[in-house]
Amino acid sequence: MVRSVLVSLAMGALLMAVPAAADAHTDGGSTMAHSDRPLIIAHRGASGERPEHTLAAYELAIELGADFIEPDLVVTKDLVLVSRHENELSGTTDVASREDFEDRRRTKTIDGRQVAGWFAEDFTLAELRTLRARERVGNIRPSSAAYNGLYQVPTFAEIVQLVRVKEAELGRTIGLYPELKHPTLMLEQEGIDMVDLMVTQLRQFNFDREDAPVFVQVFEVGPLQRLNRRVDTPLVLLIAPTGGPYDEPDMRWADMITPTGLAEIAEYADGIGPWLGHVIGTDSLEPTALVADAHAAGLQVHPWTLRKENGFLPASLQSAGGPADDGDYRRLWTAAIASGADGFFTDNTREFVELIGAGGE
């Protein structure tokens, strides 16, 4: 790395001067659009090479050329937004090995499923600071698992700080693509309003404007509608393979990605983040009508997730090896790009940059 995370964060005093410089580098508004290639959205950072949602993963993704880094945001007991894949912590930290936190283990209902474990909303930030991140899929990414135990759980504010230091260092805009995890559930079960916390942070960092290099994403309708009423920040509705949004049990994703449904989404969002299988056939690799329909409704399209390992690829694209071996991912990615989508979430920033020839520009 050009500069380590620790050195970068030691430059925190620089931040007072950075916002104006970062704004001056803004590349055509919030989309940071490139006419010749899709946006590179580093899914949870460079999560194919470092434990996801760590400052190390985000910094590596930036240095490899990502346009955006994507932190999933959960909330602590003392109302701090921090970055974890889920509010359940045992999959991505060493909390299960900590005897002093054994009494925090409980079972919660998360989006209709019973989940047992340790939950971020039961810990203060100071307590979370004592945990260390670990690779969630170590069987598929053993090289990433080699970094287990090295990194803390970062706050959203620290991620913004890292981005602004790297912008000053590299002389280019770096976008943020935060996802609010289970905001309706947090309000219902814990009385914590993640939308309000997000709005506060967007305003604090001057991200509450339509040309901010930010997309805020949620798998729910109501929180996006509330955000749309309070900030001008670009918003994205995430779309899962099946079912529908948790907060709207009568809605179905299948209906929401029709032309009529997309027109309704466009009333409160600027884009959609669909499952890749909604954009191209997982076997045929032929494009569906979704990108064209979404563009007709005025929506950007950012599918998820481009990955290279056999363990994440359709059987027809897997190589003769184990789940950690690379499959024929280039064929899948090339077909995805040909769909005309505006950007892609990827775990493998290095390989995606190489494929599209972005060169970090």
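Modeller: A salt bridge is a side-chain nitrogen of Lys or Arg within 4 Å of a carboxyl oxygen of Asp or Glu, and in this predicted model Arg 106, Lys 108, Glu 121, Asp 122 and Glu 190 are linked in a network of such bridges.

Colleague: Why is the contact between Glu 190 and Arg 106 called a salt bridge?

Modeller: The closest N and O atoms of Glu 190 and Arg 106 are 3.3 Å apart, and because the cut-off is within 4 Å, the pair counts as a salt bridge. Glu 190 lies in helix H7 and Arg 106 in strand E5, so this pair ties together parts that are 84 residues apart in sequence.

Colleague: What makes Glu 190 partly exposed?

Modeller: Its relative accessibility is 30%, and since buried means under 20% and exposed over 50%, Glu 190 falls in between and counts as partly exposed. Arg 106, with a relative accessible area of 31%, is partly exposed as well.

Colleague: Why is Lys 166 called buried?

Modeller: Lys 166 has a relative accessible area of 0%, and because buried means under 20%, the residue is buried.

Key:
Residues are numbered from 1 along each chain as its sequence is written. This is a predicted model: local features need pLDDT of at least 70, side-chain atom pairs count only at pLDDT 80 or more; totals for chains, interfaces and linings use all residues. Side-chain values use heavy atoms; hydrogens and water are left out. Buried means under 20% relative accessible area, exposed over 50%, partly exposed in between (1.4 Å probe, protein chains only). Helices (H or I, at least four residues) and strands (E, at least two) are DSSP runs, numbered from the N terminus.
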